[in-house]
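The following exercises concern one protein model. Each task is followed by a solution in steps.

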Amino acid sequence: MITLGNFIALSGIIFTVGLIGVMTSRTVLKVLLSLELLLAASNLSFVAFSKFNGDYAGQLIVFFVILVAAAEVAIGLAIIVVMYKRLSTIQADELKEMKW
């Protein structure tokens with residue numbers, strides 16, 4: 001039988017991998033992928049709590065988190081395209097050179 005603790009442990013592992021990815025990645029694309037892991041871990045914990053409490057509020061929150069994640073991907077990829085056009089690289093260290 002899978003318990004709530006198993007889901008929370010898996011969510012914690014996924015969140016930790018995403019957090020390490022955000023802190024250690026040098027390319028903007030890897031940072032965005034790591035942010036998606038962070039959102040997936042939070043979604044997993046919301047759904048797990050929702051299932052074990054018998055309430056659908058967590059699943060409703062997950063729906064809105066998925067909407068925010070889709071917007072984040074669209075804006076993030078637009079930033080990557082502009083960054084590549086101007087700097088010919090997608091390294092996060094090069095963001096200091098972009099000015100208005």
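**Exercise 1.** Where is the place of Q91, and is Q91 buried, partly exposed or exposed?

*Solution.* The model is a predicted one, in which local features need pLDDT of at least 70, side-chain atom pairs count only at pLDDT 80 or more, and totals for chains, interfaces and linings use all residues. Residues are numbered from 1 along each chain as its sequence is written, and side-chain values use heavy atoms, with hydrogens and water left out.

Step 1. Q91 lies in the segment after α3. Helices are DSSP runs of H or I with at least four residues, strands are runs of E with at least two, and both are numbered from the N terminus.

Step 2. The relative accessibility of Q91 is 27%, so Q91 counts as partly exposed. The cut-offs are under 20% relative accessible area for buried and over 50% for exposed, with partly exposed in between (1.4 Å probe, protein chains only).

Step 3. Between the C-alpha atoms of Q91 and A41 the separation is 26 Å, at 50 residues apart along the chain.

**Exercise 2.** Determine the place, the exposure and the phi angle of S88.

*Solution.* Step 1. S88 is also placed in the segment after α3 (57-87).

Step 1. With a relative accessibility of 55%, S88 is classed as exposed.

Step 2. The phi of S88 is near 60°, which is a positive value in a residue other than glycine.

**Exercise 3.** At what angle do the axes of α2 and α3 cross?

*Solution.* Step 1. Two packed helices are described by the angle between their axes and the distance between the axes.

Step 1. The axes of α2 (residues 28-53) and α3 cross at roughly 175° and come within 9 Å. This makes the two helices, α2 and α3, roughly antiparallel. Angles over 145 degrees count as roughly antiparallel, under 35 as roughly parallel, 65 to 115 as roughly perpendicular and the rest as oblique. The axes are lines fitted to C-alpha atoms, for helices over the stretch in contact, and angles run from 0 to 180 degrees between N-to-C directions.

**Exercise 4.** Compare the places and exposure of A69 and I13.

*Solution.* Step 1. A69 belongs to helix α3, and its relative accessible area of 11% makes A69 buried. From A69 to M83, 14 residues apart in sequence, the C-alpha to C-alpha distance is 21 Å.

Step 1. I13 belongs to helix α1 (residues 4-24), and I13 is exposed, at a relative accessible area of 52%.
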